[in-house]
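Thanks for making time. I have one structure to go through, so please look at the screen.

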Number of protein chains: 2
Amino acid sequence: MLENITGEQLKKMSLPQLSALCEEVRQKIISTVFRNGGHLSSNLGTVELSVALHYVFDFQKDKLVFDVGHQCYTHKMLSGRFDKFESLRKKGGISGFPKREESSYDHYNTGHAGTSVSAALGIAKARDVKGEDFDVIAVIGDGSFNNGLVYEAFNSLRLLNTRILVILNDNGMSIAPTVGSMHEYLEILSASDEHNIKRDKHAKIFERFGFAYDGVYDGNDLAKMIEKLKEVKERLKTESVILHVLSKKGKGYEFCEENPEATHGISISSSDSVSIEYSQVLGKTLTALAEKNKNIVAVTAAMTSSLGLAEFFEKFPERSIDVGICEEHATILCASLATEGIKPYYAVYSTFLQRSYDEIVLDICSQNLPVTICIDRAGISGSDGETHQGVFDLSFLSSVPNLTIASPKDVKEFEAILEFSVNFNAPLAIRYPRECKNIFKMQSEIVLGKWEKMCSGDSKFAIIASGERAVTISLAAAQRLFDKGIKVSVINARFVKPLDYEMLDEIKEKYIVTVEDNMLLGGLGAMLDAFYSDKNKILKNFAYEDKFIPQGGVNELMCEFGVSEEAIFRYIENADR
Amino acid sequence: MLENITGEQLKKMSLPQLSALCEEVRQKIISTVFRNGGHLSSNLGTVELSVALHYVFDFQKDKLVFDVGHQCYTHKMLSGRFDKFESLRKKGGISGFPKREESSYDHYNTGHAGTSVSAALGIAKARDVKGEDFDVIAVIGDGSFNNGLVYEAFNSLRLLNTRILVILNDNGMSIAPTVGSMHEYLEILSASDEHNIKRDKHAKIFERFGFAYDGVYDGNDLAKMIEKLKEVKERLKTESVILHVLSKKGKGYEFCEENPEATHGISISSSDSVSIEYSQVLGKTLTALAEKNKNIVAVTAAMTSSLGLAEFFEKFPERSIDVGICEEHATILCASLATEGIKPYYAVYSTFLQRSYDEIVLDICSQNLPVTICIDRAGISGSDGETHQGVFDLSFLSSVPNLTIASPKDVKEFEAILEFSVNFNAPLAIRYPRECKNIFKMQSEIVLGKWEKMCSGDSKFAIIASGERAVTISLAAAQRLFDKGIKVSVINARFVKPLDYEMLDEIKEKYIVTVEDNMLLGGLGAMLDAFYSDKNKILKNFAYEDKFIPQGGVNELMCEFGVSEEAIFRYIENADR
């Protein structure tokens with residue numbers, strides 16, 4: 001039935017036809033995600049809501065902003081992309097997030113939490129300035145609702161003197177179960193009887209900000225959703241509305257309904273690699289360290305399990321803090337805990353750490369506080385695309401004074417750096433990718449700012465590499481070069497900052513090749529370019545080109561954007577002539 | 001009476017003595033600020049509150065966090081720093097913000113808005129983990145209360161299961177008058193009769209988050225404040241309290257009371273320089289451009305006047321947006337306005353732009369939207385110290401794909417770049433310091449990514465400089481070198497990104513000297529180091545050392561941290577031998 005359906009065709013369908021459509025969409029989501037990976041339960045939960053939105057509104061005219069964007073699959077299938085949907089998350093295929101460049105039905109790109117209400121307000125304000133006429137809708141989950149951006153946007157609704165619809169899609173979860181007082185408040189609203197005085201009294205908070213509150217409705221009840229949205233569409237002519245709907249994350253797929261956290265995102269790993277996740281090692285090591293050191297506290301922003309800290313949280317509830325999707329607040333909590341002698345570990349994905357930049361600079365580093373930031377999913381993360389690549393952290397962190405940055409070559413070195421961190425009395429960031437695919441034989445002692453020479457050459461080339469992926473391809477390139485009779489040095493720059501000035505002084509090779517899983521500017525390569533700027537060396541940097549990196553496989557993207565064994569091998573082979 | 005008074009002595013004083021103390025403090029604030037510059041009205045408004053806090057609490061044990069920190073002068077005078085207070089904001093002197101390294105009475109460094117409640121929660125949580133016993137207080141103004149961080153912190157109070165006191169110091173202002181629905185809500189609370197049912201009903205919002213609300217009280221009434229704080233101190237044993245006090249910004253100094261925005265910060269300019277502020281040129285030029293282009297919209301975060309946009313806001317109220325201290329939200333508003341064909345200009349201080357990093361990367365740049373970011377106070381800003389130096393923007397912006405970065409050499413070039421920006425259809429950041437001290441004769445046409453050769457040498461040296469300060473000292477050094485018979489080229493790198501590859505190819509000089517008003521890593525110098533990494537050139541970078549830059553005069557700090565005419569002159573003179 002779906003084919004390349006768009007809103008226009010959908011509007012002509014009967015309710016039974018629409019229900020059948022929901023079923024078809026749901027099956028397509030399940031089959032595609034199990035093949036390609038992706039966000040399962042959030043998309044299953046919003047099928048009816050999305051169908052109802054397309055039935056009532058016209059998204060060639062009206063504008064729709066999905067918060068985070070990981071619930072846009074149905075919307076994509078209903079806007080001419082059903083045919084291509086099997087390419088979801090593949091290189092060159094359909095993105096798992098809204099993408100303006102992909103379709104005129106996608107109006108605003110998202111990926112991080114809390115931006116949708118701001119974006120909807122900006123679009124509505126633009127409409128007003130230009131004297132146009134259309135509706136603007138933000139769909140936001142209760143997890144994102146914890147983020148401070150939402151408050152900032154709410155606070156300015158009256159100020160902007162405009163009208164939007166916010167659909168609060170309440171499923172009690174972000175990736176992890178939603179926490180915090182706003183969540184408790186939403187639960188009170190949900191528990192109240194529909195339309196009774198009690199809820200109207202409770203809903204005052206939203207009215208304070210200029211929204212008319214309407215709720216709570218079953219977001220998986222298609223007929224109800226259509227009816228409600230029609231009604232709300234009328235109200236939007238004169239006011240802004242919050243429509244509070246309850247939906248079931250993972251709806252229609254029993255395993256998901258029962259395991260919404262585990263099935264938030266499904267990751268398809270290639271079968272030929274045996275791998276350990278760095279997060280497992282973080283969890284295990286930090287738990288062991290916390291047994292001995294009563295001052296260790298772990299802080300996360302709604303990602304406890306994905307970061308490997310479930311066991312830690314269970315074992316040390318008093319020393320575990322998940323603040324919900326509030327990366328800035330989490331960062332300040334760590335800094336302030338440290339002022340009182342606590343040893344905080346802030347675990348976070350590289351891409352989400354971007355939210356904490358100012359607090360890293362001022363709260364942690366300018367106060368020189370011993371906070372350890374464990375940066376997971378650093379480097380190219382793959383199928384989630386532009387908004388989730390962890391390729392900027394070295395670039396924004398390297399210029400921050402007082403900060404030490406480490407990047408282990410494998411999980412064993414990661415463990416050693418974590419042990420090192422306990423007595424390290426200053427800000428420390430440790431970056432690592434999701435998976436460890438190799439454990440190296442060489443494991444030397446961790447000393448601040450000291451690198452590890454993994455093999456010594458006798459030629460003009462030294463490779464300085466940072467992080468597992470870079471070290472791995474550098475050693476592989478070195479092996480191939482060895483086979484060709486070119487013996488190069490390979491150095492594991494396990495500390496990106498400070499550089500190992502002693503080892504740098506000892507490098508006799510004329511050619512320095514740098515390799516990293518990060519953008520060039522601000523990264524290891526650029527740091528070494530600066531170090532060698534007035535010295536008689538020739539440097540070649542392998543780091544990512546100055547472009548946003550789309551979705552795809554980690555290896556294929558690394559190659560395409562400039563960091564590969566082949567490129568290193570070729571460069572040195574040719575330069576040797 | 002003050003001498004080097006501390007809390008202990010203060011506790012023994014009678015109410016009339018304490019009142020006299022307030023008067024003395026107030027006079028000291030006025031005389032010092034008029035000599036040294038600084039924050040006047042915010043400090044005058046909090047004299048009684050600070051005296052009362054020191055009377056009731058013991059800040060060798062209890063912890064106090066000032067939001068932003070620009071209201072800490074009285075606290076400093078009451079904690080053993082009266083003698084040194086005349087060195088306020090001078091190099092090596094008393095900071096205008098709380099500084100842990102300055103006194104054991106300062107518990108948490110602040111400078112940017114909205115961090116205090118998070119920090120107080122972290123300190124309280126540390127206390128609980130360690131089983132200690134003391135009170136933790138955050139003092140926050142209603143301006144900061146707009147910031148999303150406050151919401152994130154409030155949302156986690158119950159979660160953290162701890163107790164803090166938040167003193168909401170409501171004076172209706174941040175730097176500019178406070179805006180937004182939360183502010184309107186606070187006004188409703190203030191207007192209600194004390195203790196009546198109406199206010200209790202209104203105050204429900206705070207209770208939702210786990211705070212007991214107590215207010216509204218006159219923050220300038222010393223006796224009342226002491227009595228209230230004593231009472232609240234008892235309540236803190238079992239619950240968290242929000243104490244809402246109304247204070248008069250600029251209290252006790254008539255001119256301030258009437259002109260709180262103009263007297264928020266007092267800047268003492270040295271009398272020998274005639275200067276124009278870049279902000280004036282922004283205001284004038286943007287207003288003129290907006291007359292012709294109906295799509296131009298200006299967005300600020302609570303700094304409209306300081307950024308030069310008062311006239312624009314008056315003239316085009318429908319196209320002017322001040323969202324309060326919400327830099328993240330402001331950034332997304334710009335991005336989303338641009339998706340609908342609006343041409344947004346986001347004006348912001350460099351230091352506060354740090355809050356928008358993630359939104360610059362994802363909302364503006366990954367969507368490649370034509371937002372122009374006007375970055376004021378870029379480079380060393382001087383007397384406000386570590387938290388306000390604008391020396392990181394190039395470092396965190398240069399690695400962001402799709403972003404063009406310009407840095408004019410004077411206000412005339414700034415005007416030309418603004419004119420250029422109107423038809424520039426991609427993200428653009430323009431960075432400039434507060435004051436323009438020179439207008440250069442040479443003014444060539446602005447072409448994307450094209451530099452300007454200001455003088456041609458015949459030696460081995462080319463200086464590439466970015467921004468007014470760098471260009472000015474570079475030309476001065478070149479003049480001195482010329483007098484010594486060394487004729488160097490000086491190039492105005494008015495675009496930091498993209499680099500002018502054509503001109504770079506033409507540079508025949510062996511030595512390239514780079515000069516900028518930014519940290520080294522990620523800045524212009526490091527970009528050129530990377531460009532030249534495999535080429536046969538010797539580079540010397542003049543950029544700031546890898547340290548936080550404290551308060552002091554702009555010139556003295558530039559010299560001390562590595563960027564000066566003298567250093568450039570010496571380097572080239574010596575290298576020429």
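A:Lys28 lies over the face of A:Phe82, and the distance to the ring centre is 4.8 Å. Keep in mind that this is a predicted model. There is another lysine over a ring in chain B: B:Lys535 sits over the face of B:Phe531, at 4.3 Å from the ring centre.

Now ring against ring. Over all chains, the structure holds 52 aromatic pairs. I will take two from chain B. In the pair of B:Tyr151 and B:Phe209, the ring centres are 6.0 Å apart and the planes stand at 85°, so this pair is edge-to-face. Where do B:Tyr151 and B:Phe209 lie in chain B? B:Tyr151 is in helix α7, residues 148-155, while B:Phe209 is in the loop between α11 (204-208) and β5 (211-218), so the pair ties together parts that are 58 residues apart in sequence. Both B:Tyr151 and B:Phe209 are buried.

The other pair is B:Tyr349 with B:Phe352. Their ring centres are 5.8 Å apart and their planes at 15°, so this pair is stacked. B:Tyr349 is buried, with a relative accessible area of 11%; B:Phe352 is also buried, at 13%.

Last, how the chains are arranged. Chain B superposes on chain A by a rotation of 180° with 0.0 Å of shift along the axis, and the RMSD is 0.0 Å. The two copies are therefore related as by a two-fold rotation axis. Which C-alpha of chain B is nearest the axis? That of B:Gly148, at 1.8 Å from the axis. The same surface serves both copies, as 99% of the contact residues of chain B recur in chain A.

Key: Residues numbered from 1 in each chain as written. Chains lettered and ligands numbered in written order. Predicted model: local features only at pLDDT ≥ 70, side-chain atom pairs only at ≥ 80, totals over all residues. Heavy atoms only, no water. Least-squares fit on C-alpha atoms with pLDDT ≥ 70 in both. Contact = heavy atoms within 4.5 Å. Phe/Tyr/Trp six-rings, centres within 6.5 Å; stacked < 30°, edge-to-face > 60°. Helix = DSSP H or I, 4+ residues; strand = E, 2+ residues; numbered from the N terminus. Buried < 20%, exposed > 50% of the residue type's maximum accessible area, 1.4 Å probe, protein only. Lys NZ or Arg CZ within 6 Å of the ring centre and 35° of its normal.
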